[in-house]
Amino acid sequence: MFTKFSIMKTSDRIRHFFHVVSNVRPIVWILSYIGLVPVFAVIYWVLPDGQFRIPDGAGTDFGSWLYYSIVTITTLGFGDYTPAHGWAQCVTAVEVMCGLTILGFFLNAVGSMKSEIDVTSEIERQRQLHSAAEKDKLLKMRPLLMKRLDTFIYHCENNASQNQLTRSAFNIALALDSLQTRVDLTEWPELLEKCFTLVADCQLFTDEKDIAREKEAGKPEESAATFTSSAMETARRIQTLLSDLTA
């Protein structure tokens, strides 16, 4: 049981390690790959004499070891400079392994970035399709909405009777509530906010209990005036937003 748990724990750590490595940007691996070249060149340069078999006439300055480091990390191995003893062979092997490992991580990071780009592109494509579909629904509902809004604004402007105003408020609230049910208005935050505000105001105004209380208080005209003033402004703003979105 302990062994199985340990294996699972190790597996999770390895998975986490590769997840972290995959999220490293490719440019980091490129810079690491290039940065190791002079580091190993310095190591070769300071190694004791006799660690390498060097062809006649070949240099042993830093530039020569920089060349050897490039050839080694890219695994080209031309064979002109050959590690002959333990330290040279060890350092050369380490550089080769570093080069191969970093190259593998680089390719993995490129693949991960491509997948990320593909996912982002697909999400954006789906968002655009969704937005276009919702706009098409809005276009189909626009004529009825504009007609209801025109009627509601007309009643507000011309001091309609309490019954007419209540009926108009009920109709516009019903239309806007239907709009919010059928169309995803989160695509247009301001339109959603204005529709929600007008529906809430109309529902509050047409609440029979509230109207009854206002009549008992003797202030129905004051309540209607306050409602028509704010609701008419909101309705006009909705009309403007609908016209702009469907133009």
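A salt bridge is a side-chain nitrogen of Lys or Arg within 4 Å of a carboxyl oxygen of Asp or Glu. In this predicted model, Glu-122 and Arg-125 meet that definition, with N and O 3.0 Å apart. The structure holds eight salt bridges. Three of them are set out here.

| Pair | N to O distance | Spacing in helix α4 |
|---|---|---|
| Glu-122 and Arg-125 | 3.0 Å | three residues |
| Glu-124 and Arg-127 | 3.1 Å | three residues |
| Lys-140 and Asp-136 | 3.6 Å | four residues |

Glu-122 and Arg-125 are about one helical turn apart, because three residues separate them in α4. Glu-124 and Arg-127 are also separated by about one turn of the helix. So are Lys-140 and Asp-136, being four residues apart.

How open are these side chains? Glu-122 is partly exposed at 36% relative accessible area. Arg-125 is partly exposed at 41%. Lys-140 counts as exposed, because its 64% is over the 50% cut-off.

The largest nonpolar core has 32 residues, and Phe-152, Leu-176, Leu-179, Leu-191 and Leu-198 touch the most other members. Helices α4, α5, α6 and α8 each supply at least two residues of this core. Beyond its sequence neighbours within four places, Leu-198 is in contact with residues including Leu-149, Phe-152, Leu-176 and Ile-238. A second, separate core has 18 residues, among them Val-37, Tyr-44, Tyr-81 and Ile-102.

Ser-64 lies in helix α3. Ser-64 is buried, because its 13% relative accessibility is under 20%. Leaving aside neighbours within four places in sequence, Ser-64 contacts Gly-59 and Tyr-81.

Definitions and conventions:
Residues are numbered from 1 along each chain as its sequence is written. This is a predicted model: local features need pLDDT of at least 70, side-chain atom pairs count only at pLDDT 80 or more; totals for chains, interfaces and linings use all residues. Side-chain values use heavy atoms; hydrogens and water are left out. Buried means under 20% relative accessible area, exposed over 50%, partly exposed in between (1.4 Å probe, protein chains only). Contact means heavy atoms within 4.5 Å. A nonpolar core is a set of buried Ala, Val, Leu, Ile, Met, Phe, Trp, Tyr and Cys residues joined through side-chain atoms within 4.5 Å.
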